[in-house]
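Open the model in your viewer and keep the selection tool ready. The stops below cover a helix pair and some salt bridges.

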Amino acid sequence: MKLDQLETIAVIGAGDMGHGIAQVALMAGYRVNLCDVKEEFVARGISRIYASLDKLSAKGKISPTLAGSIKDGRVKGGTVIEEAVRDAQLIIEAVPERLDIKQSALERISAACREDAVIATNSSTMSITMLAKFVRRPCNMVGMHYFNPAVLMKLVEVICGDETSPETAEFARAYAQRAGKTVVVARRDRPGFIANRIVAPVVVYNGLCIDRDGITPADIDLSMMKNGQKMGPMELADYTGVDVTSFCQDYYHEHLSPEYGPSETARKLLSEGRLGRKAGRGYYIWPEAGRPVLDESLYTGKYNPDIPNFIQANEACRLFEEGVCSLEECDTAIELGYNMEGPIAYIQSFSPETVAEALRTVAAHFSKGIFLPAETIVSGKYRRL
């Protein structure tokens, strides 16, 4: 499939991610078939697209002409996957992150789509190689991981499965770029891909700080925000969903290392239904609108903001050593996917000895090998001359 042949995109799943991915395609000038299991879900997704277009138009971010042209029949809704994919050159699966649901969707997509269609999955954690087993032509299967909200977030990760053809990967990269996104490419299919993989060991670290060292979520967030981060990691966990973050950690526990997995505190929140922003309570109590207010008196200075940045840089170096991506792509993924300074950029002013010794100290303190320094850290090969 060549990009200049692309006219129609099918998006399977009209929820938080699906409707945003569809809007990105529409704003790039393509026709979109938006599909979900119930008509009410499709109608809600289209309604959210139109509301977003109106807001962007009112703010002068897009022209009223563009908003009007999209509303004038360029998006078609439906509840039958086979009908949605039949005339599409690109199909993006954005169904819930459950294997049984993804398997069913991908099998139906593959059975009904044209032979040269590219099938992309928006999975944020699941192996592209594993998901490709559910399609007839694995060479046409690729990962396209958008970040939420898809319309506003600039990053798209393109992930190559073991059988993804170079042509398919290039098509996905070129499409995302034409749609206005900055693309990083995971050349090897590893759990968490790039951005989420880099952050994953910090989730473990923060959980241990709370469970074992008695540091409060607010103390962690205030420390990171005083260090320049716009939203602290515990508030971000609430925003994303405690259940979603815990699912990802369970997946890493199974597929990456036994040292991953949700913290005791996270498991307690899950058992109490405190899932974060969507439930009104998580690590924080959330107001009906806006963000939780952090009590400045809870800041103690015990949480060193350098350490999570060292841990992220260490994991970025592991990805580089595994041949997944470059160190520059790691920085881009964190900068655009998490709105934080790139970890490799962050540690440029620290000596390899300082970073390596800090990581060894954390590994010994919590008895976790995932924090031990990578060879690229120890050797100082991360340093930019």
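Buried means under 20% relative accessible area, exposed over 50%, and partly exposed in between (1.4 Å probe, protein chains only). This is a predicted model: local features need pLDDT of at least 70, side-chain atom pairs count only at pLDDT 80 or more, and totals for chains, interfaces and linings use all residues. Residues are numbered from 1 along each chain as its sequence is written, and side-chain values use heavy atoms, leaving out hydrogens and water.

**Glu-82 and Arg-108**

Select Glu-82 and Arg-108. They form a salt bridge, with the closest N and O atoms 2.8 Å apart. (A salt bridge is a side-chain nitrogen of Lys or Arg within 4 Å of a carboxyl oxygen of Asp or Glu.) Glu-82 is partly exposed at 23% relative accessibility. Arg-108 is partly exposed too, at 33%.

**Lys-278 and Asp-243**

Move to Lys-278 and Asp-243. Their side chains meet in a salt bridge, 2.9 Å from N to O. Lys-278 is exposed, with a relative accessible area of 53%. Asp-243 is partly exposed at 27%.

**Asp-116 and Arg-114**

Next, pick Asp-116 and Arg-114. This salt bridge spans 2.6 Å, N to O. Asp-116 is partly exposed at 31% relative accessibility, and Arg-114 at 33%.

**A network**

Now select Arg-190, Arg-197, Glu-315, Arg-318 and Glu-322. A network of salt bridges links them. How many salt bridges does a search of the whole structure find? The count is 23.

**A helix contact**

Finish at Tyr-50, Leu-53, Asp-54 and Ser-57 in α2. They meet Pro-64, Ala-67, Ile-70 and Lys-71 in α3; contact means heavy atoms within 4.5 Å. Helices are DSSP runs (H or I, at least four residues), numbered from the N terminus.

Conventions
Helices (H or I, at least four residues) and strands (E, at least two) are DSSP runs, numbered from the N terminus.
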